[in-house]
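Here is my note on the model, point by point. Please keep the structure open while reading.

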Amino acid sequence: SYFRLFVGAIIRTTCYHPNHKTSSFQSTIQPKMSCTLPLGFSNCNGHIQYSFHNMACGTGAASFDEFGNSKYQNRRTMSSSDRAMMNAFREITNMADRINLPRNIVDRTNNLFKQVYEQKSLKGRSNDAIASACLYIACRQEGVPRTFKEICAVSRISKKEIGRCFKLILKALETSVDLITTGDFMSRFCSNLGLPKQVQMAATHIARKAVELDLVPGRSPISVAAAAIYMASQASAEKRTQKEIGDIAGVADVTIRQSYRLIYPRAPDLFPADFKFDTPVDKLPQL
Amino acid sequence: MDQNNSLPPYAQGLASPQGAMTPGIPIFSPMMPYGTGLTPQPVQSSNSLSILEEQQRQQQQAAQQSTSQQATQGTSSQTSNSLSILEEQQRQQQQAAQQSTSQQATQGTSSQTPQLFHSQTLTTAPLPGTTPLYPSPMTPMTPITPATPASESSGIVPQLQNIVSTVNLGCKLDLKTIALRARNAEYNPKRFAAVIMRIREPRTTALIFSSGKMVCTGAKSEEQSRLAARKYARVVQKLGFPAKFLDFKIQNMVGSCDVKFPIRLEGLVLTHQQFSSYEPELFPGLIYRMIKPRIVLLIFVSGKVVLTGAKVRAEIYEAFENIYPILKGFRKTT
């Protein structure tokens, strides 16, 4: 069940939390107080959700005197023990908002961050770097991976540091993630480029076939996906330049050129059978 | 000569090479224990460069060697702190000559009776262009088991590419005077607090710190690293500092080899998840962290393998022998 926690207005209550053992806590209406309940509570989906905009301070009904000056000085040390964690949650929400990530990914990120933070094995690392890496892992675990460059774009941390933290977190939490494939990125890249569904399906087919036939050994799946999108778009009415695709995918256009050169010789085999060619296969650009 | 009878059967028929510094007495010991690596000669601390004395010293060492057959495990017994380069080179040549005779011996036998050796045996054929200063430490000189091995060896020997070693010169140094007076030295205290010195033979680079400690990188073999470190210490000594040669230790060894077939890294990362890390976005190779021995391997799609993190040569060889059957299982079949 979903319920909100009103701190400062409750004298005594019993909190029932589906995921944690029953606990009771007592709070007094004082600006400085401690809460023994874990910060998270579950919503309808069973995901632990952290909502802290309603626990920042009490109702404040009695904290001003008759002239409007505040009676009590310290309003800020409410959650001093985990202020860094709350900061990080705020940062995670901000990052996720910039790329419109759904709530389940944000929740998963928060969970990962909490686990890493409590483990303290990565204590020396910048919290923002850990948060960015957790965001990356959460996207991967939800089956919609984002590239490191996409996470870099919404974070102030360098790709190198996010990569380092990513590997450290996987080791600390003893989890692993699935390998990325070309198909994971097709829908996002193609819709960002404004390509119709036919072209997207063709590009997906081309990339999958190219990897199956081992035409591009050792190439990053992102580069192969970008080259496949280029080939599919050039064969259709909606042509895109290498530069445009490179901008969207975060790949250099020389990289797209390299991967394109590898798949170009087998182009007729890579297109799906029912594809409507605007430019025939032999007229595809040869770079 | 009596010595022919005392030779083990597979070393008979080998005359001692002409012009070698070794006398006719066989230095090669048939009871060299498995996996100890080179059994280094104890170096006398004499500083004189007389050739006659040198030969006498080697004969003494040969006699000692043949009596003391069980060598200590891997620890260097060199106690000499003198920086005589000529001594160092003579010692290494002597060891090289010994090892080349022992290499020939093992080569002869390994081609005849491979099944008598332990299943982890490597062929000891030295690759062209490398002087085998060390015997392959995986070859026992006596057959361990007469049974057939479970799997054949790979036949590929990783080549050492880089050795990093440290040594303590034992006295505080004034980096400014070293940088001003030595050749091929650069010193930029704002960028890095050490003198960077290079020598051409062996081609190495040294970082010399003001505490007297020195790091030597770039050598291709353990002996070359030691010789280079001695040369640097000699340079520092000639500049007027009371340099010694204390605690020479090899810190890291890097080797590389080629398995000659393409590898399916995706399959490898699926089955060996707890050891492998494969992120094409971050690095094109698979990073395999082997637990025993503790070696990190970089495995690439082309079949090239880089091994690093070893303190002794045997670890590199052992790690490669461990990974080779795994890689064979993930060979690309197209």
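1. Over all chains the structure holds 17 aromatic pairs. Rings of Phe, Tyr and Trp (its six-membered ring) pair if their centres lie within 6.5 Å; planes under 30 degrees apart are stacked, over 60 edge-to-face, the rest tilted. The pair A:F148 and A:F166 is edge-to-face, because the ring planes stand at 80°, with centres 5.6 Å apart.

2. This is a predicted model: local features need pLDDT of at least 70, side-chain atom pairs count only at pLDDT 80 or more, and totals for chains, interfaces and linings use all residues. Side-chain values use heavy atoms, without hydrogens and water.

3. Both A:F148 and A:F166 are buried (under 20% relative accessible area, 1.4 Å probe, protein chains only).

4. Ring pairs also link A:F89, A:F113 and A:Y117 into a cluster. The charged end of A:K120 sits over the ring of A:Y117, 5.6 Å from its centre. In chain B, the charged end of B:R230 sits over the ring of B:F245, at 4.7 Å from the centre. The rule asks for NZ of Lys or CZ of Arg within 6 Å of the ring centre and within 35 degrees of the ring normal.

5. At the interface, 19 residues of chain A are in contact with 15 residues of chain B (heavy atoms within 4.5 Å).

6. The rule finds two salt bridges across the interface of chain A and chain B. A salt bridge is a side-chain nitrogen of Lys or Arg within 4 Å of a carboxyl oxygen of Asp or Glu. A:D214 forms a salt bridge with B:K332, with the closest N and O atoms 3.1 Å apart.

Key: Residues numbered from 1 in each chain as written. Chains lettered and ligands numbered in written order. Buried < 20%, exposed > 50% of the residue type's maximum accessible area, 1.4 Å probe, protein only.
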